[in-house]
Amino acid sequence: MQPAATDWPVPERLVSTRVYYLIFAMLVVLTAVTVTVAEVDLGALNNVVALSIAVTKAVLVILYFMHVRYSTRLTWLVISAGLVWLSILIVFTLSDVWTRSWIAS
Amino acid sequence: MAELAAACAHQFDDAEQQRDAATLGMWVFLVTEIMFFAGMFTAYVVYRSLYPSAFAHASHHLNVVLGTINTTVLITSSLTMALAVHAAQVGHRRTLVLFLALTLLLGSTFLGIKAYEYAHKFHEGLVPGPAFTYSGPDAAQAQLFFSIYFALTGVHALHMVIGIGLLSVLIGRARRGRYSPLYHTPVELSGLYWHFVDIVWIFLFPLLYLFGIH
C-alpha cells in the first residue's frame, strides 16, 4: 500500500500531473505541425516556421517539465545568461561568415 | 511533525535553500552543455548557409518517418521522467520505479532506432571517410553534411547513453527506498539532464531531417 500524498509533508511546489499530460499533448501536436508544414514549400519561411515551433517546444519543456516556471530568479538569471552567450556565438559567427564577400579579395 | 523536517547541510538555512542550490548548480552545468552543442549547431548553420542546395540534397537521405518517431519517443520519455519526479515528490515508490523504467525503455528505443539509421547509412556508403560514396552533385559538400550529422547525432546519442546509465542507478536506488518526499534531489537533477537532452533533439530533428524535404 503506497502512502497517500497527505501522509508526508510536501515542502516544495507540486505541479499536478494534469499539467504534464497537457504539455505532452501540446508537444506532440507541435511535432505533427512541424512535419506537416515542412512538406509545404514556403521558401525562406520554412526555416522561420520550423525554428519557431522548435523554440516553442523547448520553452514548454523548460518552463513546465524542468519546473523553471517555479524556480528562483537566480536560476532564471543563469539560464538567461546562457542564452545570451548562445546568441553571441551564433550572431557574431554568422555576421562574420555572411559578410566575408564585402571584403575585396 | 518536527522529526520529519528535512535535514540540510550546515551551510544552508533550510531544506528549500539546499534544493534551490542543487537546482542552480545543475543549471550552471546545463548552460555549459548548451554551449557545447551550440558549437556544432553553429558549424551546421554556417555550412548550410554556404551550401544550401548541396545540404538539402544530402538531407534527403535521412528518414523523416524514423526521425518523427524518435522525436515522439523522446517527448514521451520526457513526460514519463516528469511523472517519475512527481512520484518521488509524493512518496509513491512503486510509481517512481515504474516511470523511471519507462523512461529508460523509451530512451533505449530511441537509441535502437538511431542504431538502425546508422547501420543503413553505413550500407549506403554515407559515412564520411574513404568509404564515402555519393551519387548526387556536390559530393564534397554532402560529405560535410554527413560529418556534421554524425557529430551532432553521435554526441547526442552519447548523452542519451549517459542518461540511461543515470536512470539505471536511480532505478536501483529507488527500488531500495532511497528517495522520499524529503529527499529526491538526484531524481530531480537527472530529470533536468534528461529534459535537456530532449531539447537538443527538438532542435536537431527539424534542422537535420526536415530541411529541404519539399
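**View 1. The largest nonpolar core of this predicted model brings 83 residues together.** Here a nonpolar core is a set of buried Ala, Val, Leu, Ile, Met, Phe, Trp, Tyr and Cys residues joined through side-chain atoms within 4.5 Å. Buried means under 20% relative accessible area, exposed over 50%, and partly exposed in between, with a 1.4 Å probe and protein chains only. The residues with the most contacts inside this core are A:Met66, B:Tyr44, B:Leu96, B:Leu100, B:Phe145 and B:Phe146. At least two core residues come from each of α1 (17–38) and α2 (45–65) of chain A, and likewise from each of α1 (15–50), α2 (52–59), α3 (64–90), α4 (93–124), α5 (139–175) and α6 (185–208) of chain B. The largest share belongs to α6(B), with 15 residues. Helices (H or I, at least four residues) and strands (E, at least two) are DSSP runs, numbered from the N terminus. In soluble globular proteins, nonpolar side chains tend to be buried together.

A note on conventions for all views: residues are numbered from 1 along each chain as its sequence is written, and chains are lettered from A and ligands numbered from 1 in the order in which they are written. In this predicted model, local features need pLDDT of at least 70, side-chain atom pairs count only at pLDDT 80 or more, and totals for chains, interfaces and linings use all residues, while side-chain values use heavy atoms, with hydrogens and water left out.

**View 2. B:Phe146 and its contacts from elsewhere in the sequence.** Contact means heavy atoms within 4.5 Å. Setting aside neighbours within four places in sequence, B:Phe146 is in contact with B:Ala58, B:His61, B:Leu62, B:Lys121, B:Leu126, B:Pro128, B:Phe132 and B:Tyr134. B:Phe132 also turns up in the next view, where B:Gly125 touches it.

**View 3. B:Gly125 sits in the loop between α4 and α5 of chain B.** B:Gly125 is buried, with a relative accessible area of 9%. Not counting residues up to four places away in sequence, B:Gly125 touches B:Ala131, B:Phe132 and B:Thr133.

**View 4. Helix α2(B) and the partners of its buried face residues.** The buried residues of α2(B) are B:Ala54, B:Phe55, B:Ala56, B:Ala58 and B:Ser59. These buried residues pack against α1, α5 and α6 of chain B. For context, chain B has six helices and zero strands, and buried residues make up 52% of its 214 residues. Among contacts in chain B between residues at least 6 apart in sequence, 80% join residues at least 24 apart.

**View 5. Helix α3(A) runs from residue 73 to 98.** With 26 residues, α3 of chain A reaches 37 Å from its first C-alpha to its last, close to the 38 Å expected at 1.5 Å a residue. That expected span is 1.5 Å times one less than the number of residues. A:Thr75, A:Val78, A:Ile79, A:Gly82, A:Leu94 and A:Val97 are buried in this helix, and what covers them includes α1 of chain B.

**View 6. The largest pocket holds about 1,200 Å³ of space.** Of its 45 lining residues, A:Leu51, A:Val55, A:Ile90, B:Phe203 and B:Leu207 are the closest to its centre. Two or more lining residues come from each of α1, α2 and α3 of chain A and α1 and α6 of chain B. The largest share, eleven residues, comes from α2(A). By class, the lining has 36 nonpolar, eight polar and one charged residues. Ala, Val, Leu, Ile, Met, Phe, Trp, Tyr, Cys and Pro count as nonpolar, Asp, Glu, Lys and Arg as charged, and the others, Gly among them, as polar. On a 1 Å grid over the protein atoms alone, a pocket is an open set of points with protein on both sides within 12 Å along at least five of seven lines, a cavity is a set where a 1.4 Å probe fits but cannot get out, and lining residues have an atom within 4 Å of a point. Grid points are joined across faces, edges and corners, and a volume is the space filled by probe spheres set on the points.

**View 7. The second largest pocket holds about 420 Å³.** Its lining has 22 residues, with A:His67, A:Tyr70, A:Ser71, B:Thr23 and B:Glu188 nearest its centre. α6(B) gives the most to this lining, five residues. By class, the lining has eight nonpolar, eight polar and six charged residues.

**View 8. The largest cavity has about 40 Å³ of space.** Its lining is made by A:Thr34, A:Ala50, A:Ile53, A:Ala54, A:Lys57, B:Thr71, B:Trp201, B:Ile202, B:Phe205 and B:Pro206.
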